[in-house]
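Keep it short enough to read beside the model.

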Amino acid sequence: MVDQDIYNFDETGFQMGVISTAKVITGSDQSSSRARFIQPGNREWVTVIESINSTGWALPPMIIFAGKMHQSSWYRDIPSDWVIGVSENGWTNDQLGLLWVKEVFHKHTHACAIGKYQLLILDGHGSHITPEFDQFCTQNMIIPLCMPSHSSHLLQPLDVGCFSPLKKAYGK
């Protein structure tokens, strides 16, 4: 067996904004009597990329805002090891995926690796399977293991144990 550290990667999207009014929407289907609250359109999409290792140690997050340029006035007093990225829609892309593996994952894990290799478990998002991402992983002895499509909500510890309860609480 090869000595290795195991890391689980996850990303989730959140919408941030100010709620000034509430609208109730319910379908004509009588089988569901539960109404849904919809927020007004004054919010922005933000992606948070989180990663933990198999012992529960968390890496600093990468937060991706919608925009063309990063502006430090968007926030105050964030920890210095957090990485901020921007994309047109606030989602991750190939360049941000490569930035994350270099500036968050490798930067914060390579010095404390137990064995020669590190196993990085991630979903099959396109930004994790680019030639540049794969080349960086190969050069730095990181083994990327992509989970089967449409299974991360069941298999990833961060989705099951952290983000799912958070999303449910936020929805209430």
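A disulfide is a pair of cysteine sulfur atoms within 2.5 Å. By that test the structure holds zero disulfides. This is a predicted model, in which local features need pLDDT of at least 70 and side-chain atom pairs count only at pLDDT 80 or more, while totals for chains, interfaces and linings use all residues. Residues are numbered from 1 along each chain as its sequence is written, and side-chain values use heavy atoms, with hydrogens and water left out.

| Residue | Relative accessibility | Class |
|---|---|---|
| Cys-137 | 1% | buried |
| Met-141 | 34% | partly exposed |
| Cys-112 | 41% | partly exposed |
| Trp-91 | 47% | partly exposed |

**Overall fold**

Helices (H or I, at least four residues) and strands (E, at least two) are DSSP runs, numbered from the N terminus. The protein chain has four helices and eight strands. Their order from the N terminus is β-β-β-β-β-β-α-β-α-β-α-α. Of the 172 residues in the protein chain, 35% are buried. Contact means heavy atoms within 4.5 Å. Among contacts between residues at least 6 apart in sequence, 60% join residues at least 24 apart. Accessible areas come from the Shrake-Rupley method with a 1.4 Å probe; for residues, only the protein chains shown count as cover. The accessible surface of the protein chain is about 11100 Å², and carbon and sulfur atoms hold 57% of it.

**The cores**

In soluble globular proteins, nonpolar side chains tend to be buried together. A nonpolar core here is a set of buried Ala, Val, Leu, Ile, Met, Phe, Trp, Tyr and Cys residues joined through side-chain atoms within 4.5 Å. The largest has 17 residues, and Met-62, Trp-100, Val-101, Phe-105 and Leu-120 have the most contacts inside it. Two or more residues each come from strand E5 (62–66), helix H1 (94–109), strand E7 (117–122) and helix H2 (131–139). H1 gives the largest share of this core, six residues. Apart from it lies another core of five residues, including Ile-63, Phe-65, Tyr-75 and Ile-84.

Not counting residues up to four places away in sequence, Met-62 touches several residues, among them Val-48, Val-83, Leu-99 and Trp-100.

**Helix packing**

H1 and H2 pack at an angle of about 25°, with axes 9 Å apart. Axes are lines fitted to C-alpha atoms, for helices over the stretch in contact, and angles run from 0 to 180 degrees between N-to-C directions. The two helices are therefore roughly parallel (angles under 35 degrees). H1 brings Gly-97, Leu-98, Val-101, Lys-102 and His-106 to the contact, and H2 brings Glu-132, Phe-133, Phe-136 and Cys-137.

**Two loop residues**

Met-141 sits in the loop between H2 and strand E8 (142–146). Most residues other than glycine have a negative phi. Met-141 is not a glycine, yet its phi is positive, about 55°.

Trp-91 lies in the loop between strand E6 (83–87) and H1. Its contacts, not counting residues up to four places away in sequence, are Trp-45, Thr-47, Ile-64 and Leu-96. Trp-91 and Ile-64 are 27 residues apart along the chain, with 6.5 Å between their C-alpha atoms.

Conventions:
Buried < 20%, exposed > 50% of the residue type's maximum accessible area, 1.4 Å probe, protein only. Parallel < 35°, antiparallel > 145°, perpendicular 65-115°, else oblique.
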